[in-house]
Amino acid sequence: MHQVTMSREEQIGLVKARLQQAQEVVVLTGAGISAESGVPTFRGDDGIWQHYRATDLATPEAFARDPELVWAFYNWRRELISRVEENRAHRALVVLEQTVPGFTLVTQNVDGLHRRAGSKNLIEVHGNLWRVQCTECARISVDMSVDMGVLPKCKDCGGLLRPDVVWFGESLDGRLLNRAEDAARACDVMLVVGTSGIVYPVAFLPALAKGKGAFVAEINMEETPLSPGLDLTILGKAGDVIPLLVA
Ligand code: OAD
């Protein structure tokens with residue numbers, strides 16, 4: 001059932017009704033939810049991967065080859081994200097968490113904006129840009145510095161630090177992925193917001209929820225490869241649509 005022919009009002013009404021009946025809600029977000037805050041997405045006409053090659057900036061090989069370049073990229077993103085604010089969509093999800101009995105927010109975003117907005121039960125499956133990990137002693141710490149410098153070093157052992165994010169070719173944290181999968185299997189309603197739905201294993205979560213009988217609705221500016229398998233796609237900006245769903 002993929003009801004693109006329903007009016008916008010009918011779509012909103014249907015998702016609202018499902019949310020009101022739900023015991024467990026999962027929201028899966030991607031870069032699109034932060035776009036209205038001014039954080040560039042990865043794909044699309046002005047996406048980061050239109051201007052830079054992921055293989056130069058977001059792989060373990062790129063970091064081994066040229067850690068200065070990779071750190072310059074992450075310092076640029078830190079600076080940019082430090083200047084922006086969470087938006088109406090991030091805030092509406094905080095309200096949703098307070099309204100439904102069970103709520104899990106699974107995000108692919110590393111910008112930390114969901115946490116800044118106040119979301120509590122949050123799984124950051126691709127890591128967090130504001131955390132660093134030592135490549136020698138593996139210690140993970142939070143560092144909110146806007147500029148980490150050219151080649152930041154571990155305060156404990158002097159080893160080179162890396163951003164604590166998941167790069168292409170790396171595995172996700174198994175415990176986090178298990179939690180996300182358990183939540184997807186157990187939910188009554190899943191909202192899939194602002195993700196192109198092409199990066200696995202996260203892109204499998206909507207199908208996992210659907211396979212267990214959940215109602216799965218997508219909110220995106222355009223249809224995605226996930227759309228045909230979901231119950232509903234609401235075309236629009238997350239900041240316009242999500243507040244209407246929780247009003
Ligand atoms: P993408 O950049 O691939 O997709 C962003 C999606 O958001 C697109 O489908 C847009 O149509 C949609 N979009 C843009 N603006 C929107 C708005 N205002 N409201 C609603 N939707 C909007 O970002 P992700 O799907 O998050 O991985 O990318 C997945 C992963 O690929 C990222 O986590 C990152 C990236 O490379 C790693 O770094 C491992």
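Predicted model: local features only at pLDDT ≥ 70, side-chain atom pairs only at ≥ 80, totals over all residues.
Residues are numbered from 1 along each chain as its sequence is written, and side-chain values use heavy atoms, with hydrogens and water left out. Local features need pLDDT of at least 70 and side-chain atom pairs count only at pLDDT 80 or more, whereas totals for chains, interfaces and linings use all residues.

**View 1. A network of salt bridges links Arg115, Glu124, Arg131 and Asp164.** A salt bridge is taken here as a side-chain nitrogen of Lys or Arg within 4 Å of a carboxyl oxygen of Asp or Glu, and by this rule the count comes to 14. Within the network, the side chains of Glu124 and Arg131 meet at 3.8 Å, N to O. Glu124 is buried, with a relative accessible area of 7%, and Arg131 is partly exposed at 23% (buried means under 20% relative accessible area, exposed over 50%, and partly exposed in between, with a 1.4 Å probe and protein chains only).

**View 2. Asp143 and Lys155 form a salt bridge.** The closest N and O atoms of Asp143 and Lys155 are 4.0 Å apart. Both residues lie in the loop between strand E5 (140-142) and strand E6 (161-165), 12 residues apart; strands (E, at least two residues) and helices (H or I, at least four) are DSSP runs, numbered from the N terminus. Asp143 is buried at 14% relative accessibility, whereas Lys155 is exposed at 74%.

View 3. Arg185 is partly exposed at 35% relative accessibility, and Asp182 is partly exposed at 47%.
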